[in-house]
Amino acid sequence: MEQEKKLYLETFGCQMNVSDSEKIVGLMRGIGYGETSDPAHADLILLNTCSIRATAEQRVYGHLGKFKSIKKKKPRLIIGVGGCVAQQEGERLLEKAPFVNLVFGTHNLHLLQGMVTAAESGKRSIETDFLDDEKRFDLFPAAGKDGSVTRFVTVMQGCDNFCAYCIVPHVRGREISRSAAKIVDEVAKLTEAGVSEVTLLGQNVNSYGLKTPGEPDFADLLKMVAELEGLQRLRFTTSHPKDISERLIACFAEIPKLAPHIHLPAQSGSDQVLKRMNRGYTRTEYLAKVAALKEACPGIQITGDIIVGFPGEDEAAFEETMTLVEEVGYADLFSFIYSARPGTKAADFADDTPRADKQRRLERLQAAQKRRTLAQNQALVGSVQQVLVEGLSSTGDALFGRTGGNRGTVLSGDPSLAGRLLDVKIVEGLQTLLMGEIVQV
Ligand code: SAH
Ligand code: SF4
Ligand code: F3S
């Protein structure tokens with residue numbers, strides 16, 4: 001019997017890429033590639049890349065360098081690059097990295113099987129055209145990885161917001177929403193296959209359906225999905241603060257299955273910076289939405305993103321970010337030093353803050369958040385949380401799950417509990433994890 005060919009797939013960036021990678025695995029399986037976790041054993045290496053910051057992009061080129069040496073020993077190895085760096089670099093990637101066989105953009109996954117097959121017979125190819133209609137959503141089977149407890153379901157793609165710093169609208173194209181009927185159908189199929197939780201996914205789910213006459217808005221979509229009986233828990237990401245409606249905020253009070261967590265990136269606490277970022281809200285408006293969320297859902301866990309050192313951010317503006325972060329009381333915060341991206345509006349802004357100052361600001365912000373996260377995790381000790389068991393923990397000798405607030409929790413119990421929503425008493429709060437004990441099965 002012929003030995004199965006092997007795919008080594010590495011994924012960078014956000015959940016959109018994680019979700020696309022799940023599709024890539026399925027597509028490659030369809031043409032005879034099983035997965036391997038060792039690139040040295042691979043017949044096909046695919047990188048699903050991210051270009052959100054220059055650091056993400058450099059990592060991709062660094063990785064490609066490593067794979068080049070594997071290819072020297074194994075000339076038939078096929079190397080492909082997809083995702084946002086591929087979309088951005090296009091032909092340049094083929095020129096800069098002559099050992100790369102194929103480059104596929106963010107709208108071109110449906111062509112990948114053909115491209116790999118062509119590469120097997122020595123043909124190099126590149127596909128980076130944007131598709132601007134709903135066909136983008138219909139190119140793949142919804143079937144998921146076997147045995148997953150929790151899955152992403154794409155509800156929209158692309159972004160029309162053009163925040164001044166952001167490459168996403170340039171590499172993912174215009175925003176389109178998927179039909180509600182198809183989303184509900186996919187979630188129904190997933191729950192029938194044993195999935196307990198879904199996360200509805202888009203760059204800005206709050207504007208779901210608004211540009212498509214006849215489709216429900218995001219609040220109504222959540223209600224439709226929550227009605228599916230087999231579904232135990234529902235999440236969504238990411239929310240843009242300017243588009244989060246009162247109706248959506250009310251969903252946290254009205255839909256019991258909706259997990260009490262929202263990722264609501266503020267990016268900055270300074271009005272002057274927010275304006276230059278083209279975010280479309282003020283500090284006061286952001287804080288008013290946070291207050292409304294806390295009122296609708298007491299105990300809701302709010303996470304966010306902050307960009308430090310955006311062009312024109314002075315010390316006073318940064319202090320406003322520090323106070324905003326404190327006022328919100330984020331459960332967790334993802335913070336980054338601003339990185340100029342080619343083709344974005346902010347790439348042309350004068351940026352005279354020394355790098356060392358930006359670094360110092362980032363460290364202050366992160367240290368404060370670290371203390372806050374630990375204190376919040378410790379404050380949960382003694383409380384009972386609903387934990388959805390996802391499977392074994394990374395050490396393999398315990399179970400891992402997440403609270404409604406999205407905190408990773410380790411507990412002991414039988415692996416057959418995977419997929420169950422359990423009452424768990426928190427016994428210890430660590431920096432990045434909770435330790436719990438099952439109260440009732
Ligand atoms: N659609 C999501 C964000 C996607 S990008 C949203 O609008 O919230 C994820 C995060 O990366 C952003 O929230 C931002 O904090 C950060 N980011 C984006 N562009 C960046 C840049 N040029 N430099 C530094 N961080 C950036
Ligand atoms: Fe980027 Fe802004 Fe769109 Fe988010 S909303 S993906 S930050 S342009
Ligand atoms: Fe990165 Fe592309 Fe996501 S740039 S953050 S992988 S949309």
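How much area do domain 2 and domain 3 bury between them? The answer is about 1,700 Å², with 69% of it on carbon and sulfur atoms. The views below come from a predicted model.

**View 1. Four domains make up the domain assignment of this protein.** Domain 1 covers residues 5-127 and domain 2 covers 148-259. Look at domain 2 and domain 3: their centres, taken over C-alpha atoms, are 24 Å apart.

**View 2. Domain 2 meets domain 3.** The contact takes 17 residues from domain 2 and 25 residues from domain 3. Three residues stand out on the domain 2 side: Ala164, Tyr165 and Pro241. Together they supply 42% of the area that domain 2 buries against domain 3, more than any other three residues.

**View 3. Polar contacts link domain 2 and domain 3.** There are 10 residue pairs in polar contact between the two domains. Salt bridges across this interface number 0. Helix H9, residues 246-254, gives the most to the side of domain 2 that touches domain 3, with 3 residues. That side has 11 nonpolar, 5 polar and 1 charged residues.

**View 4. Ligand 1 has 15 residues around it.** Tyr165, Gln203, Gln267, Asp305 and Ser339 come nearest. Start with aspartate 305: an N or O atom of its side chain is 2.6 Å from an oxygen atom of ligand 1. Next, glutamine 203 places a polar side-chain atom 2.8 Å from a nitrogen atom of the ligand. Finally, a polar side-chain atom of arginine 53 sits 3.3 Å from an oxygen atom of ligand 1.

**View 5. A shell of residues surrounds ligand 2.** By class, the shell divides into 7 nonpolar, 3 polar and 1 charged.

**View 6. Ligand 3 lies between domain 1 and domain 2.** Why there? Both domains give residues to the shell around ligand 3, so it lies between them. Among the shell residues are Cys14, Asn17, Cys50 and Cys84. Val168, Arg172 and Gln203 also belong to the shell. It holds 5 nonpolar, 3 polar and 1 charged residues.

**View 7. Two loops show backbone angles to look for.** Most residues other than glycine have a negative phi, and most peptide bonds are trans. Phenylalanine 162 has a positive phi, near 50 degrees. This residue lies in the loop between strand E8 (156-157) and helix H6 (168-172). Threonine 238 lies in the loop between strand E11 (233-237) and H9. H9 is also the helix that gives the most to the side of domain 2 touching domain 3.

Notes. Residues are numbered from 1 along each chain as its sequence is written. Chains are lettered from A and ligands numbered from 1 in the order in which they are written. This is a predicted model: local features need pLDDT of at least 70, side-chain atom pairs count only at pLDDT 80 or more; totals for chains, interfaces and linings use all residues. Side-chain values use heavy atoms; hydrogens and water are left out. Domain bounds come from an automatic or database domain assignment. Contact means heavy atoms within 4.5 Å. Buried area is the accessible area (1.4 Å probe) that two parts lose on being put together, summed over both. A salt bridge is a side-chain nitrogen of Lys or Arg within 4 Å of a carboxyl oxygen of Asp or Glu. A polar contact is a pair of N or O atoms within 3.5 Å; within protein, one must be able to donate a hydrogen and the other to accept it, and residues adjacent in sequence count only if both atoms are side-chain atoms. Helices (H or I, at least four residues) and strands (E, at least two) are DSSP runs, numbered from the N terminus. Ala, Val, Leu, Ile, Met, Phe, Trp, Tyr, Cys and Pro count as nonpolar, Asp, Glu, Lys and Arg as charged, and the others, Gly among them, as polar. A residue is near a molecule or strand if one of its heavy atoms lies within 4 Å of it.
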